[in-house]
Amino acid sequence: MDNNSQGSGGVRSGLGGLFGGGAPEYSNTELAGVPLTGMSPLSPYLNVDPRYLVQDTDEFILPTGANKTRGRFELAFFTIGGSCMTGATLGALNGLRMGLKETRDMAWSKPRNVQILNMVTRQGASWANSLGSVALLYSAFGVVIEKARGAEDDINTVAAGTLTGMLFKSAGGLKGVARGGLAGLALSGAYALYNNWDHLTGSSSSSSRLY
């Protein structure tokens, strides 16, 4: 047995020397205490230092002078589109409620279905138009105020919300302007308070701010 083991070991050593030198053989007991430094936790077959997989820098390279957060002009399209979709959804639900209420005395038939569908379409378009107009005015005022002041903060949010409410209700006279301004001031002030809630309460968690 010893002669066979030595013979096989000699053959392996000879082949290893032929192809560039044979690596020394170690038993499992000798390899048990050897730390596998430099091995990646992703796969046991990769000899990669995991420190190179950690990204300490930003994923995107911003142009010189560009801000890390999106401005009001970039967010205007998202705000207007989201408001239109939200208004259409709420209006459709309100139209469905009104249609079912107005046609509750009618039997289920094609005329009733058509009437309900017309109510849903009309209310959805009306609500989408209203919320879209409010979002358009708010975004326009926000961009103008930002460019005029040269700064982006919660003052722009409150000012844009107040002016939007005043202009949206301007058809109702001075009382309508006052009520719209107060409503816009209250909503924009609540939104600004929500954005700064962590700062006011001293919380260390940071949240993304969308104006």
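The lining of the largest pocket is made up of 12 nonpolar residues, nine polar and one charged (Ala, Val, Leu, Ile, Met, Phe, Trp, Tyr, Cys and Pro count as nonpolar, Asp, Glu, Lys and Arg as charged, and the others, Gly among them, as polar). The model is a predicted one, in which local features need pLDDT of at least 70 and side-chain atom pairs pLDDT 80 or more, while totals for chains, interfaces and linings use all residues. Residues are numbered from 1 along each chain as its sequence is written, and side-chain values use heavy atoms, with hydrogens and water left out.

The largest pocket holds about 690 Å³ of space. Among its 22 lining residues, Val134, Ala135, Tyr138, Thr164 and Leu187 come closest to the centre. Here a pocket is an open set of points on a 1 Å grid over the protein atoms alone, where a 1.4 Å probe fits, with protein on both sides within 12 Å along at least five of seven lines; lining residues have an atom within 4 Å of a point. The volume is the space filled by probe spheres set on the points, which are joined across faces, edges and corners.

At least two lining residues come from each of helices H3 (72–102), H4 (110–149), H5 (154–168) and H6 (173–195), helices being DSSP runs (H or I, at least four residues) numbered from the N terminus. H6 gives the largest share, six residues.

Turning to H6, Gly176, Gly180, Gly181, Gly184, Ser188, Ala192 and Asn195 are buried, that is, under 20% relative accessible area (1.4 Å probe, protein chains only). Gly189, also found in helix H6, counts as partly exposed because its relative accessibility is 26%, between the 20% and 50% limits.
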